[in-house]
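Please look over the chain shown here. The report covers backbone geometry and charged side-chain contacts.

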Amino acid sequence: MKPTNDENKGPLPNYGMRIGTGYDSHPLVPGRKLVLGGVTVPFTQGLLGWSDADVAIHAAIDALCGAADLGDIGTLFPPGSPEYKDISSISLLAEVGNLVKERNFAIVNIDITIIAQRPHLSPFTPEMRRRLGQALKIDSTRITIKATSTNGLGFIGREEGIAAQAVALLSRRNVTE
């Protein structure tokens, strides 16, 4: 059933572009690998979560899900489900990329900001972009990944956790209105 436009009591227009946002954060703990953007980053702690807790990819997944009206990461991949225990978030991203394509969307671009006091992440962002592009089967130039700190403020500044936010732009294929 197509969603309706309550004001006009008819079907919604088939808009060609859709945007979605995503956010994720996880606490830092000893004894886990730090995985960000599908890359294992050398650090003294890692992120705690049911999967590999890759906040960059989780934020990107939620941005894609929002733009394609797929719900959210927790709906698609429920935490606590045994099949997702310690799973690589890259594989989840690839699955979401396929769902986006099944909905007749093309990924125009994804922009991700990782927020961490430490470690310094810019040396790793080219490989992160490459891995995300490979998982989504798009050119990595359509993915930007930046890193920033909170200048010592909040849970991130105290190095208790890392967060990420993302925005995704999708274009519907073969739009006719």
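## Basis

This is a predicted model, in which local features need pLDDT of at least 70 and side-chain atom pairs count only at pLDDT 80 or more, while totals for chains, interfaces and linings use all residues. Residues are numbered from 1 along each chain as its sequence is written, and side-chain values use heavy atoms, with hydrogens and water left out.

## Backbone

The peptide bond from Arg 118 to Pro 119 is cis, with omega near 0°. Pro 119 sits in the loop between β7 (105-115) and α4 (125-136) (helices, H or I, of at least four residues and strands, E, of at least two are DSSP runs, numbered from the N terminus).

Ala 53 is not a glycine, yet has a positive phi of about 65°. Ala 53 lies in the loop between β6 (46-47) and α1 (55-68) and is buried at 0% relative accessibility (buried is under 20% relative accessible area, exposed over 50%, partly exposed in between, with a 1.4 Å probe and protein chains only). Asn 151 also has a positive phi, near 55°, but is exposed, at 69%.

## Salt bridges

The count is 7 salt bridges (a side-chain nitrogen of Lys or Arg within 4 Å of a carboxyl oxygen of Asp or Glu). Among them, Lys 146 pairs with Asp 111 at 2.6 Å between the closest N and O atoms. Lys 146 is in strand β8 and Asp 111 in strand β7, so the pair ties together parts 35 residues apart in sequence. Salt bridges with shared partners join Arg 32, Lys 85 and Asp 86 into one network.
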